[in-house]
Amino acid sequence: LTDRHGRKPLLVLACFVVAVRALLTALTERFWISQGGSPWLGLLPCQVLDGVGAGFWGILLVLVTQDVSAGTGRFNLALGCMQASFSAGAIASSLVSGALAEAY
């Protein structure tokens with residue numbers, strides 16, 4: 001798919017899926033749970049979109065790393081650095097969101 005259409009459409013789609021998932025997660029309490037719905041059923045579409053988004057990001061990470069490191073012979077090192085930075089971002093966002101949740 002990316003060989004035919006390029007990387008950008010898949011990147012835009014991945015960002016869109018993650019944004020829709022975040023919006024659905026934020027609105028679940030207000031429009032689903034407060035109306036008497038089950039939290040498990042309300043969050044199920046969010047989790048499905050989370051899996052789809054993670055799949056897109058997993059593919060894109062390898063493809064972008066391949067593009068950046070082409071011809072250098074350092075693909076494995078570059079992929080390790082990319083994975084480490086994604087993990088550091090996940091850790092940092094959890095710390096910041098936890099601090100914000102406690103503060104407000």
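**Contacts between helices**

Analyst: Setting aside neighbours within four places in sequence, threonine 28 is in contact with Ile33, Gly42, Leu43 and Cys46. Please keep in mind that this is a predicted model.

User: Where is threonine 28 found? And is it buried or exposed?
Analyst: Threonine 28 is found in helix H2. Its relative accessible area is 6%, and buried means under 20%, so threonine 28 is buried.

User: You listed Cys46 as one of its contacts. What else does cysteine 46 touch?
Analyst: Not counting residues up to four places away in sequence, cysteine 46 touches Arg21, Leu24, Thr25 and Thr28. Cysteine 46 is found in helix H3. With a relative accessible area of 2%, cysteine 46 is buried.

User: How do H2 and H3 pack, then?
Analyst: Helix H2, which covers residues 8-33, packs with H3 at an angle of about 165°, and their axes are 9 Å apart. An angle over 145 degrees counts as roughly antiparallel, and therefore H2 and H3 are roughly antiparallel to each other.

User: Which residue classes make up that contact?
Analyst: The contact of H2 with H3 has 21 nonpolar, five polar and two charged residues. The crossing of H2 and H3 is left-handed.

User: Let me pick another residue of H3, valine 52. Is it buried, exposed or partly exposed?
Analyst: Valine 52, in helix H3, has a relative accessible area of 37%.

User: How far is valine 52 from valine 18?
Analyst: Their C-alpha atoms are separated by 8.7 Å, while valine 52 and valine 18 are 34 residues apart along the chain.

User: Now the other pair of helices. At what angle do H3 and H4 pack?
Analyst: H3 and H4 pack at an angle of about 140°, with 9 Å between their axes. H3 and H4 are therefore oblique to each other. Their crossing is right-handed.

User: Which residues make the contact?
Analyst: From H3 there are Trp57, Leu61, Val62, Val64, Thr65 and Gln66, and from H4 there are Phe75, Ala78, Leu79, Met82, Gln83 and Phe86. By class, the contact of H3 with H4 divides into nine nonpolar, three polar and no charged residues.

User: What lies in the loop between those two helices?
Analyst: Serine 69 lies in the loop between helix H3 (39-68) and helix H4 (75-103).

User: Is serine 69 buried or exposed?
Analyst: Serine 69 is buried, because its relative accessible area is 8% and the limit for buried is under 20%.

User: Which residues is serine 69 in contact with?
Analyst: Leaving aside neighbours within four places in sequence, serine 69 is in contact with Arg74, Phe75 and Ala78.

User: How far apart in space are cysteine 46 and methionine 82?
Analyst: From C-alpha to C-alpha, cysteine 46 and methionine 82 are 26 Å apart in space, and they are 36 residues apart in sequence.

User: One last topic: where is arginine 4, and is it buried or exposed?
Analyst: Arginine 4 is in helix H1, which spans residues 2-5. Arginine 4 has a relative accessible area of 68%, and exposed means over 50%, so arginine 4 is exposed. Arginine 4 and valine 62 are 58 residues apart in sequence and 17 Å apart in space, C-alpha to C-alpha.

Notes: Residues are numbered from 1 along each chain as its sequence is written. This is a predicted model: local features need pLDDT of at least 70, side-chain atom pairs count only at pLDDT 80 or more; totals for chains, interfaces and linings use all residues. Side-chain values use heavy atoms; hydrogens and water are left out. Helices (H or I, at least four residues) and strands (E, at least two) are DSSP runs, numbered from the N terminus. Buried means under 20% relative accessible area, exposed over 50%, partly exposed in between (1.4 Å probe, protein chains only). Contact means heavy atoms within 4.5 Å. Axes are lines fitted to C-alpha atoms, for helices over the stretch in contact, and angles run from 0 to 180 degrees between N-to-C directions. Angles under 35 degrees count as roughly parallel, over 145 as roughly antiparallel, 65 to 115 as roughly perpendicular and the rest as oblique. A crossing is left-handed if the near helix is turned anticlockwise from the far one by less than a right angle, and right-handed if clockwise. Ala, Val, Leu, Ile, Met, Phe, Trp, Tyr, Cys and Pro count as nonpolar, Asp, Glu, Lys and Arg as charged, and the others, Gly among them, as polar.
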